[in-house]
Amino acid sequence: MRSLILGLVLVAPIPALADGPAVTASHDVLAAMVRAIAPDVIVTTIAPEGTDPATFTPDIPAIAAIQAADLIVLNGAGFEPWASRVSLPRARVVDTTTAMQEDLIHLTSQSHSHGSGPTHSHDGTAPHVWLDFTLAGRQAQAVAYGLTRANPDGADSHAANLATLNDRLAALDAQAQAVGAALAGRTVLVAQPGFEYLGRAYDIALQEATLDPAAPATSDQLAALDAALAAGALPLMLWNAAPPADTATALADRDVAIVVLPDGAQVPADQDPFDAIAAGLTALAAALPPA
C-alpha cells in the first residue's frame with residue numbers, strides 16, 4: 001500500500017508569485033545556492049528543520065507541496081531515494097548531479113544510520129558531492145540554469161550572482177586545498193560516511209570509524225579506534241555534528257581531538273551552510289598536530 005500511495009500522481013496548482021518563482025530544494029546547501037543566485041525567490045527545503053534530509057521521506061501532503069513548486073532542486077547521487085517512487089513534473093526538476101555521473105563516488109555496500117533513524121546506504125553512491133567545491137560549482141551552474149528556465153527575465157542577474165557564488169566556492173576550494181597539503185601523508189579518522197568527496201578532491205586520507213552521532217560508542221567500536229590509532233592514524237576525528245557526551249569522553253581519554261565539520265545539508269535557520277563548512281575547515285586546520 002505504501003508504494004502504491006507514493007506512486008500516485010498528485011496534481012497541485014503552480015502558485016503565481018509576484019516576487020519570483022517558488023523553489024524547493026533537497027537540503028540547505030542547494031537552498032543557499034538558490035538564494036545566492038536568485039535572491040528574489042521563495043525557497044524552502046524539502047525536509048523540515050530538525051529532520052535529517054538524507055533519511056527524510058515526504059508524505060502525501062509534502063509531495064503535493066513539492067509538486068506545486070515552480071522549480072524542484074534535487075541533489076541526485078542517491079540523496080533522495082524517494083524521488084524515484086513519486087511523480088514529479090520533469091520539466092520543473094533540476095537534478096544537480098545528472099551531468100557528473102562519471103565523477104560520482106560509488107560505495108561498496110556501505111550503510112549507516114543517524115541515531116534512531118533507519119539504516120541507509122544512498123543506493124551505493126556517496127551523495128555529498130558539494131564537499132568537492134569544484135563539483136559544487138557545477139551543481140550551482142545547474143541551479144542557475146534551472147532558475148533561468150523558470151524565470152528567463154532574470155538571466156543577467158542569475159549569471160552575475162552565479163559568478164559571485166563561484167568566487168565563494170573557489171575560496172572554500174583554496175581553504176580545503178591548504179588543509180589537504182598540511183595533511184599530506186597522514187590519515188584522518190572520520191566518524192561516519194559523508195566526507196568521501198572532500199577526501200578525494202583534496203588528497204586527504206580518511207579512515208572511517210563508523211561511530212553513531214546519536215548513540216554512545218560501543219566497546220567494539222572503541223577497540224577498532226584503538227587499533228587505528230596504533231596503526232598511525234592522527235589522534236583527530238572529523239564529525240558532521242557534535243558526538244554524544246559518552247563518546248566525547250572516550251575520545252578525550254584517548255587524546256583524540258574532535259573536529260566538527262558540518263556538511264551543510266542542514267544547518268540552523270540563522271546559519272549559512274557555506275559559513276558552517278568554512279568554519280569547520282578552519283577548525284580542522286587549527287587542530288592538526290605538527291607534521
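D226 is partly exposed, because its relative accessible area is 34% and the band for that label runs between 20% and 50%. This is a predicted model, so please keep that in mind for every number I give.

How many salt bridges does a search of the whole structure find? The search finds 5. As background, side chains of opposite charge can pair when their charged atoms come close.

Another of these pairs is R168 with D275, where the N to O distance is 2.7 Å. R168 is in helix 5 (residues 155-182) and D275 is in helix 9 (residues 273-287), so this pair links parts of the chain that are 107 residues apart. R168 has a relative accessible area of 33%, which puts it in the partly exposed class. D275, at 45%, counts as partly exposed too.

Next, D103 and R138. Their side chains form a salt bridge at 2.7 Å, N to O. D103 is in the loop between strand 4 and helix 4, R138 is in helix 4, and 35 residues separate them. D103 is at 22% relative accessibility and counts as partly exposed. R138 is at 30% and gets that label as well.

Strands of a sheet pair through backbone hydrogen bonds, either parallel or antiparallel. In this model, 4 strands make an open sheet with parallel pairing, in the order 2-1-3-4. Strand 2 (42-45) and strand 4 (93-95) are at the edges; each has a single partner strand, so one side of each has no neighbour in the sheet. On average, neighbouring strands here are turned by 20 degrees against each other, direction ignored.

Inside that sheet, strand 1 (residues 22-25) and strand 3 (residues 71-74) run parallel and are joined by 3 bridges. To find the spot on your screens, take V23, whose bridge partner in strand 3 is L71.

Which helices lie across these strands? Helix 2, residues 28-37, lies across strand 1, strand 2 and strand 3, and runs at about 175 degrees to strand 2. Helix 4, residues 133-150, lies across strand 1, strand 3 and strand 4, at about 170 degrees to strand 4.

Last item: strands 5 and 6. Strand 5 (residues 187-190) pairs with strand 6 (residues 205-208) in the parallel sense, over 4 bridges. T187 stands opposite A205 in strand 6. How does the chain get from strand 5 to strand 6, and what is the handedness of the crossover? The chain passes through helix 6, residues 196-201, and this β-α-β crossover is right-handed.

That is what I had; questions are welcome.

Key:
Residues are numbered from 1 along each chain as its sequence is written. This is a predicted model: local features need pLDDT of at least 70, side-chain atom pairs count only at pLDDT 80 or more; totals for chains, interfaces and linings use all residues. Side-chain values use heavy atoms; hydrogens and water are left out. Two strands pair if DSSP finds at least two bridges between them. Helices (H or I, at least four residues) and strands (E, at least two) are DSSP runs, numbered from the N terminus. A crossover is right-handed if, with the strands pointing away from the viewer, the path from the first strand over the helix to the second runs clockwise. Axes are lines fitted to C-alpha atoms, for helices over the stretch in contact, and angles run from 0 to 180 degrees between N-to-C directions. Contact means heavy atoms within 4.5 Å. A salt bridge is a side-chain nitrogen of Lys or Arg within 4 Å of a carboxyl oxygen of Asp or Glu. Buried means under 20% relative accessible area, exposed over 50%, partly exposed in between (1.4 Å probe, protein chains only).
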